[in-house]
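Okay, thanks for coming, everyone.

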Amino acid sequence: MWPETIDVLLNHRSIRKFKSTPIPQPALAKIIEAAQQASTSSSMQCFTVINVSDQDKRKKLAELSGNQAYIEECPVFLVWCADLYRYEQAAKLHYEGELTSTVENFIVATVDTALAAQNAAIAAESLGYGIVYIGGIRNNPQEVSALLGLPSHVYPVFGMCMGEPDQAPLTRPRLPQQAILHENSYDQEAVESGIQQYDGTIRQYMLERSEGKLNTSWSESMAAKINHPRLHMGDFLRSKGFLQK
Ligand SMILES: Cc1cc2nc3c(=O)[nH]c(=O)nc-3n(C[C@H](O)[C@H](O)[C@H](O)COP(=O)(O)O)c2cc1C
């Protein structure tokens, strides 16, 4: 028997339909406490999470994220922001000069944010809630930033819907382990064979999930994805003071 934590991790699947039951405040506070306890580069804690409870803002965010209705419908919607502003404010108490936002600091802030968010996701799932990340908020990052009043050196990395699941989707199979775990050096052959094997697995999964309507392999979805890059993020991030050096 493996510890229950492993079961929680292995049962993860994104939830896109929620009951309207609210998440009690103490549970949400505990989830955020778990997020804060994630490892953080040099204890910089470079993230801020915005709980969007205002329904008009939710509606707008749903539109800005490609009309993903569950952003409006879920009991809790969180926007996870990478935040160098707080770091700068703290450092300024003892340091004269401006923050030069380096690529390194961009990585630090983005990684800190993702680690905290994933801790929150696991905490929520361990309490029986479901989540889905929303990268769609980066479709219109400028507008999202303005709506949430994000200062310079803060950017929205992703949103997260959270609440009691009103659906029970299948868990989505992952790549075979040999494709992602290599010993001592990168194994390109294992990648190739892993993709082939996984294509079959995902085709089967898609057929099952769609009751025979979708017959798509993983590599086909990746080809579709690679064709639609979000090209505006570099300019947006520089306009928010990131990636200066
Ligand atoms: C950073 C990030 C952004 C995502 N953005 C969206 C999104 O905008 N809309 C959505 O429905 N799912 C989104 N997802 C969920 C992924 O599609 C999902 O995690 C992936 O297909 C694997 O499925 P699973 O979570 O059910 O295992 C996102 C996931 C991550 C990690």
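A quick word on what you're looking at. This is a predicted model, where local features need pLDDT of at least 70, side-chain atom pairs count only at pLDDT 80 or more, and totals for chains, interfaces and linings use all residues. Residues are numbered from 1 along each chain as its sequence is written, and side-chain values use heavy atoms, with hydrogens and water left out.

Now, helices. Two packed helices are described by the angle between their axes and the distance between the axes. Here the axes are lines fitted to C-alpha atoms, for helices over the stretch in contact, and the angles run from 0 to 180 degrees between N-to-C directions. Helices (H or I, at least four residues) and strands (E, at least two) are DSSP runs, numbered from the N terminus.

How do helix 3 and helix 7 run relative to each other? Helix 3, residues 55-64, packs on helix 7, residues 141-148, at an angle of about 170°, with the axes 10 Å apart. So helix 3 and helix 7 are roughly antiparallel; the cut-offs are under 35 degrees for roughly parallel, over 145 for roughly antiparallel, 65 to 115 for roughly perpendicular, and oblique for the rest. On the helix 3 side the contact (heavy atoms within 4.5 Å) uses Lys57, Lys60, Leu61 and Leu64, and helix 7 brings Glu143, Val144 and Leu147. By class, that's four nonpolar, no polar and three charged residues. For the classes, Ala, Val, Leu, Ile, Met, Phe, Trp, Tyr, Cys and Pro are nonpolar, Asp, Glu, Lys and Arg are charged, and the others, Gly among them, are polar.

Over to the second pair. Helix 9, residues 188-209, and helix 10, residues 218-226, have axes that come within 7 Å and cross at roughly 95°, so helix 9 and helix 10 are roughly perpendicular.

Cys46 is buried, at 0% relative accessibility; buried means under 20% relative accessible area, exposed over 50%, and partly exposed in between, with a 1.4 Å probe and protein chains only. Cys74 isn't in a disulfide either, and its nearest cysteine sulfur, that of Cys161, is 3.8 Å away. Cys74 counts as buried too, at 4%.

Last stop, the loops. Gln45 isn't a glycine, yet has a positive phi of about 50°. You'll find Gln45 in the loop between helix 2 (25-36) and strand 1 (47-51), partly exposed at 33%. His153, also not a glycine, has a positive phi near 70°. His153 sits in the loop between helix 7 and strand 4 (154-163). Is His153 buried or exposed? Buried, at 10% relative accessibility.

Notes
Disulfide = S-S within 2.5 Å.
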